[in-house]
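Hi everyone, thanks for coming. Could you bring up the sequence and the model, please?

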Amino acid sequence: MTLPEPLTPGRFLLAILRSRPWLAVGTVVVGTLWLVPGAVIPLVAGSAVDAGVARGDTGALVRDVAVVVALGLAQMVSGGALDFLDHGMWLHGASATQRTVNAHVLRLGASLAPQASSGEVTAVTTSDAAKIGNLFETFGRFTGSVVAFAVVGVGLFARSPVLGAVAVVGVPLAVIGIGPLLGPLQRRRDAQRDELSAVNALAGDIVSGLRILRGVGGESRFAARVGDATARVRDAGVLVARSTAWLAAAEVLLPGAVLVVITWLGARLAVAGTISPGELVAVYGASAFLVIPVTTATEAAGSLASARAGARTVVRLLGLRPLLVATPDPVPIPPGSVSLDDPVTGLHAPAGALTVVDAGPGASALAARLARFADHTEPARVAGVPVDRADLAALRRRVVHAHPEDLWFSGRLRDELVVHGALDVDTALDAAAATEIVDGFPGGLDEALGERGREVSGGQRQRLALTRSLLTDADVLVLEEPTSAVDAHTEAWIAARVAVLRRGRTTVVLTQGSPWRHVADHVVDLTRTLERSIR
């Protein structure tokens with residue numbers, strides 16, 4: 001799906017609609033076939049009253065009854081087809097929104113978190129995509145309503161210009177009268193969505209820090225915060241329900257008032273002999289039918305208000321751009337093991353060697369520069385190539401940064417431990433001292449782990465994360481505190497195994513642990529350098 005520039009909520013919704021034109025056209029056609037028979041039936045019934053009943057023409061009566069039956073059957077069949085297509089439109093609107101956002105979020109990568117909250121991203125899946133789907137579901141019925149309204153208007157004018165004018169003018173005025181209620185409804189839905197996003201973000205923060213909360217006894221304070229946040233969501237929901245109730249009342253009151261006027265005028269014209277009894281039946285039935293197009297139109301208007309609120313969130317996410325700009329003319333990185341240099345600190349990690357660096361509190365910033373997860377006026381260099389001049393995708397494959405807080409997704413452990421090179425899973429598990437962890441799972445590698453791997457301890461999760469990093473088989477591997485949560489004996493085992501496993505490839509370990517120093521080819525202490533740069 002190609003998105004227009006500049007992207008607005010309306011243009012985004014139109015782009016989704018145009019991406020499946022055959023489905024949209026089919027829904028319009030079937031929606032018209034569903035409502036037009038209902039518009040024609042009162043007109044045919046009026047003809048049957050005049051010709052078949054008043055004038056006693058049995059043949060005309062039978063013919064008109066047959067036409068009514070045929071129209072009813074056509075409406076039944078098209079109604080079933082419309083339900084199928086409406087559901088397809090809902091799926092298309094919701095899934096296209098979800099796929100577009102997911103693809104863009106994946107392209108953003110690490111640039112997403114600094115620019116958008118987790119609650120805002122979660123709201124797209126839990127709420128906004130469904131709202132957009134609801135709008136698309138009403139598309140066929142709305143277009144059918146417009147056509148049916150035109151058919152009824154023509155039929156009413158043919159029988160009584162006065163009643164036709166009242167119906168054709170009065171019903172749109174009734175719809176317009178509902179319009180002022182849509183603005184407050186949309187604003188209140190926007191406010192409710194914002195409060196819901198805040199609750200999602202708060203819930204994510206609490207779950208990610210649950211162990212810490214229990215350790216410091218902060219459950220009650222965060223429970224109170226959750227209670228306040230959910231109360232705000234409830235209050236916002238009450239306001240939305242109040243606006244929705246007023247809208248529903250207006251949907252009945254305003255068209256009903258028009259119908260009362262038409263019925264009163266029609267009865268007076270029939271008594272005066274201006275229109276026939278059959279024409280009165282036709283006018284009354286057609287006017288009563290107009291409630292359906294009006295109700296459908298107001299439903300579509302309400303869905304549009306909700307969809308635009310959701311589309312605004314989607315458009316804002318799609319408007320985010322990667323914080324790291326890819327160079328238009330990338331310089332290739334030489335194949336094989338390569339050196340790594342940081343001009344800011346003077347660090348030099350020789351090619352094919354294990355370099356252990358004590359960077360103190362500046363370890364994260366150094367690792368981010370080396371793997372270009374943050375730009376600097378003096379960029380790091382890979383084999384002499386500035387990282388901001390290298391192709392970003394190639395850099396991600398060649399230089400891998402393993403952060404101590406890297407995320408785990410819910411699912412099978414086997415799906416997390418993806419092999420990218422010649423190294424196999426068993427060897428990587430052994431090097432990371434994680435074989436016993438997998439052996440302790442009833443399902444082994446097929447064991448299902450929850451989000452962030454909360455089923456295992458911090459040390460176990462760290463060793464499994466190291467296994468995943470080793471399986472990248474990267475030319476340059478930057479490990480940031482890879483064994484800070486394990487005991488000294490296990491750390492020494494891991495350091496020795498990783499040194500053997502990574503021999504001949506460049507490895508930089510940012511740690512203050514002494515076991516790594518014993519197996520390192522080079523040891524660099526940057527704490528004084530970083531202290532001077534901070535001053």
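Before the sheet, one convention: two strands count as paired if DSSP finds at least two bridges between them. Strands are DSSP runs of E with at least two residues, helices are runs of H or I with at least four, and both are numbered from the N terminus. This is a predicted model, so local features need pLDDT of at least 70, side-chain atom pairs count only at pLDDT 80 or more, and totals for chains, interfaces and linings use all residues. Residues are numbered from 1 along each chain as its sequence is written, and side-chain values use heavy atoms, with hydrogens and water left out.

Five strands make an open, parallel sheet, ordered 6-9-10-3-11. Strand 6 (399-402) and strand 11 (522-525) are at the edges with a single partner strand each, so one side of each has no neighbour in the sheet. Strand 6 pairs with strand 9 (residues 476-480) in the parallel sense over four bridges. In that pairing, V399 stands opposite V476 of strand 9.

On to the helices. Beyond neighbours within four places in sequence, T296 is in contact with R141, F142 and S145, where contact means heavy atoms within 4.5 Å.

Finally, look at V69 in helix 3 (residues 58-108). V69 has 48% relative accessibility, so V69 counts as partly exposed. Thanks, happy to take questions!

Notes
Buried < 20%, exposed > 50% of the residue type's maximum accessible area, 1.4 Å probe, protein only.
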